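Me: I have a model open and would like to go through it with you. Shall we start inside and work outwards?

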Amino acid sequence: MMMMMMMMMMMMMMMMMMMMKIFEFHFSDNGSGESSTSSSPLKKQRSVSSHASPIEVFENAQPISFFLTRVHGIPQKFNNFYTMDIKSTFNYMFEIPWLIQQYPEPFRSKPLLCVHGFQGSNKAGLEAEAVKHTNIKFCQAKLDSPWGTHHTKMMFLLYDDGMRIVIHTSNLVERDWYQKTQGMWISRKFPKLTEPSEKKGDSPTRFKRDLLEYVSSYKAYQLKEWIDHIKHHDMSSARVFIIGSSPGRHTGDRKHLFGHMRLRKILYENGPSKEIVGRWPVIGQFSSIGSLGPSKDTWLCTEFLQSLATSNGTSIVPLSKIDLKLIFPTKDNVRTSLEGYPAGGSIPYSIKVAAKQPYLTSFFHQWKSSGRQRSRAMPHIKTYCRMAPTWDKTAWFLVTSSNLSKAAWGALEKKGTQLMIRSYELGVLFLPHLFVSMVTSMLFLRDGITYFSIFENQS
């Protein structure tokens, strides 16, 4: 039976170390700002011993199940909380020899399917790397636009008694797992159903339905087996929303299936109330920037910000009153990083594109993660959230492969009747009320550790 990574959780995580849940945010133009704390009632997540087993690390990370990757070159104590080092098969970049070496030796001949978007010589080079490994098969994601990429980072793990999904931000190349800041979400093991179903075994977030929609959008015969596996499993334990992007021009009801319009729809139906978030800033953090148009009102501060600023029951908000803050490493961040200037190769922003959108610099804030010693570990992680002005709580949090670009998030066309997307992307959205029942809740950040803040429901 074809599988998309290692067979068992212990095998998959044999080389893992532990770290944290959510990195500390600092927002100031000179990087000197400090995140504040709150006296509100907090429910701290359980700490994890540096000697804990991978299964203990995973269980102690529940219910959020969000991790960073281990970073080489920082004090070990900062690698002792909720860190994972794992691999994927839906991806953008691959190093096949390195990937195979990450398997325990008895499992290096297990069937492996790699989903990629390479064409021409890049495709031939990837296949040449795998020629000695007859167990490796490939699925080429269809890309209609030369400016589109297959950027999704995901893996499927199939067990005798279930299936697990991992959605993360790392390419399958050694440097992405060494000294960069990366993030991932790992599902619980989804049990098997007695019979296949598209609807049975779905979660309150419609995780199964949206995963089927996303994988089906590839229209690849190699993925039919995996669509069947998804149908055969109970994914009702999932508490995150899938936010995916799939290339094409999406119209009608499909306009809200992908991209920033998908995020808009979910926040409209399930997001925080306008009374709670009010004028809370919107935060975007990413590792690449595309062409966004000659003016901030072309895309960034109109349709894109409108989606991220949507609250429960309304997407009509006074955008001029919403503060947008964008986190992107500076030249000095890169120069003084653990990797030095080579780190800049994973943080592309064309000087020609930058010259056409100088307005963007007014939104920039530098990367800083002093609470978890990752200020010098350049971010390849991509995160978006809605935070309180005190910087100590957030109404929602998204970890994704999507950088700041129209190719990734989509751009409305024909007077808003269709959404044009060029790339494959995937992320998961956390809404606190789905982790704490019967209350209105927020996520709190204090000293870089995630907390639940619980408020009595006033409704």
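This is a predicted model: local features need pLDDT of at least 70, side-chain atom pairs count only at pLDDT 80 or more; totals for chains, interfaces and linings use all residues.

Me: Which residues line the largest cavity?

Reply: Residues are numbered from 1 along each chain as its sequence is written, and side-chain values use heavy atoms, leaving out hydrogens and water. On a 1 Å grid over the protein atoms alone, a cavity is a set of points where a 1.4 Å probe fits but cannot get out, and lining residues have an atom within 4 Å of a point. The largest cavity is lined by Asp210, Glu213, Tyr214, Ile242, Ile243, Gly244, Leu257, Phe258 and Arg262.

Me: Which elements each supply at least two residues of that lining, and what is the volume of the largest cavity?

Reply: Helices (H or I, at least four residues) and strands (E, at least two) are DSSP runs, numbered from the N terminus. By that numbering, α5 (207-216) and β9 (241-245) each supply at least two lining residues. A volume is the space filled by probe spheres set on the grid points, which are joined across faces, edges and corners. For the largest cavity this comes to about 60 Å³.

Me: How do the residues of the lining of the largest pocket divide by type?

Reply: A pocket is an open set of points with protein on both sides within 12 Å along at least five of seven lines. The largest one holds about 640 Å³ of space, and of its 30 lining residues Thr149, Ser288, Ile289, Pro348 and Asn403 are the closest to its centre. Ala, Val, Leu, Ile, Met, Phe, Trp, Tyr, Cys and Pro count as nonpolar, Asp, Glu, Lys and Arg as charged, and the others, Gly among them, as polar. The lining of the largest pocket then divides into 10 nonpolar, 15 polar and 5 charged residues.

Me: Why is helix α9 largely enclosed by the rest of the structure?

Reply: Buried means under 20% relative accessible area, exposed over 50% and partly exposed in between, with a 1.4 Å probe and protein chains only. The buried residues of α9 include Leu300, Cys301, Phe304 and Leu308. Helix α9 (residues 300-308) is largely enclosed because the buried count is 8 of its 9 residues.

Me: Where is Lys414, with its positive phi?

Reply: Most residues other than glycine have a negative phi. Lys414 has a positive phi of about 50° and is exposed, with a relative accessible area of 62%. Lys415 also has a positive phi, near 55°, and is exposed at 87% relative accessibility. Lys414 is placed in the loop between β16 (411-413) and β17 (418-421).

Me: What is the mean pLDDT of the protein chain?

Reply: pLDDT is the predictor's confidence in each residue, from 0 to 100. In the protein chain, 80% of the residues reach 70 or more. Over residues 1-48 the pLDDT is below 50, and over residues 438-459 the value is also below 50. The mean for the chain is 82.

Terms used. Contact means heavy atoms within 4.5 Å.
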